[in-house]
Amino acid sequence: MRLQNYRMVPITICPSMVLRTAWGARNAVNRIPMEFTPVPYIVIHHGMVPITICPSMVLRTAWGARNAVNRIPMEFTPVPYIVIHHGSIMTSCNNKVRCSELMRIYQDMHMEKQNWHDIGYSFAIGEDGNVYEGSGWSMRGSHTSNYNSQSIGILMMGNFEKKLPNDAALKALNLLISCGVRLGLIYEDYHIVGHNQTQPTNRLTPCPGEALYEYLKRMPRWIEQPIPFVYQE
Ligand SMILES: [Zn+2]
C-alpha cells in the first residue's frame with residue numbers, strides 16, 4: 001500500500017451516550033451481572049409516559065470547559081437552597097455557540113481574576129433554553145458567600161434589571177429545579193432566593209436584577225430571610 005493514499009477515517013462505532021453520572025443516576029441497590037454473554041435477545045420498549053424530568057443540558061465537555069483546579073464536594077446534599085444570579089453587564093446569548101463562549105469567558109474570569117477553583121456557578125441558563133453545566137449538582141461552587149456548601153447557584157445569562165429572561169430560559173430554570181428535586185439532589189422543601197438576599201445587612205449586590213428578583217418573589221419556594229446553616233466560607 002502506498003502510504004500517501006492512506007487516510008485516517010473517524011470511526012464512530014457507538015452512538016453518543018449520556019453516562020449514569022451525567023444524567024444524575026442514583027446508585028443501584030444491587031448490580032447483577034448478565035448470565036449469558038454475548039446476549040442472544042434484544043427486547044424493544046417504548047416510554048409509557050412522556051416524562052421530561054430534566055431540561056436539556058450542555059455538559060462541561062460540550063461547552064469546552066477547562067479542568068477545575070480542585071473539585072470540592074458539596075457539604076449538604078440534597079441542597080436546601082437555590083441562589084439565583086444574573087450576568088449583569090455580561091451580554092445575553094440565544095444560541096449554543098454564543099452561550100458556550102460566555103461560559104468559557106466566565107470560567108476564565110473566575111479562575112484567573114478571582115482565583116477560584118472553577119467557574120463559580122453550579123449551572124448557567126441561556127436564552128437558547130439550554131442549561132450549561134458549571135460545577136454541577138454535587139460539587140461546591142463559588143457563587144455566594146456563606147451558601148456555597150449548601151446551595152445550587154444558577155446564573156441566568158443576561159441583564160435582568162429591567163426585563164425578564166425569555167420564556168425558554170425561565171422554562172429551563174423551573175425544569176432544572178424540579179429535575180433536581182426529582183433526582184433527590186435538591187431538598188424537597190428547598191428555598192429559593194436572589195443573590196442580593198444572601199447579604200441581609202448591606203445588600204451590596206443588585207444581582208439578580210430587579211425584574212428577575214420580582215419574578216423570584218412570586219415563586220412558591222421563595223423566602224424573604226434565608227439563614228445559612230453555617231457561616232464558614
Ligand atoms: Zn450574583
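**Reading a zinc site and its surroundings**

The donors of the zinc ion follow the spacing H-x109-H-x11-C along the chain. This is a predicted model, in which local features need pLDDT of at least 70 and side-chain atom pairs count only at pLDDT 80 or more, while totals for chains, interfaces and linings use all residues. Residues are numbered from 1 along each chain as its sequence is written, and side-chain values use heavy atoms, with hydrogens and water left out.

Me: What makes His-85, His-195 and Cys-207 donors of the zinc ion?
Reply: A donor is an N, O or S atom within 2.8 Å of the metal (3.2 Å for Na, K and Ca), and a site may look incomplete because water is not among the atoms. The ND1 atoms of His-85 and His-195 and the SG atom of Cys-207 coordinate the zinc ion at 2.1 to 2.3 Å, so they meet this limit.

Me: Why does the pair His-85 and His-195 tie together parts that are apart in sequence?
Reply: His-85 belongs to strand 2 and His-195 to the loop between strand 6 and helix 5, so the pair joins parts 110 residues apart in sequence. Helices (H or I, at least four residues) and strands (E, at least two) are DSSP runs, numbered from the N terminus.

Me: Why are His-85 and His-195 called buried?
Reply: Buried means under 20% relative accessible area, exposed means over 50%, and partly exposed lies in between (1.4 Å probe, protein chains only). His-85 has a relative accessible area of 1% and His-195 has 14%, so both count as buried.

Me: What makes strand 5 covered on both faces?
Reply: Ser-151, Gly-153 and Leu-155 are buried on one side, and Ile-152, Ile-154 and Met-156 are buried on the other. In a regular strand, side chains alternate between the two faces of the sheet.

Me: What makes a set of residues a nonpolar core, and which residues touch the most other members of the largest one?
Reply: A nonpolar core is a set of buried Ala, Val, Leu, Ile, Met, Phe, Trp, Tyr and Cys residues joined through side-chain atoms within 4.5 Å. Of the 29 residues in the largest core, Ile-82, Ile-84, Ile-125, Ile-154, Met-156 and Ile-192 touch the most other members. Helix 4 supplies the largest share of this core, seven residues. A second, separate core has 14 residues, including Leu-102 and Tyr-121.

Me: Why is Gln-150 called buried?
Reply: Its relative accessible area is 0%, so Gln-150 falls on the buried side of the limit. Gln-150 is found in the loop between strand 4 (131-133) and strand 5.
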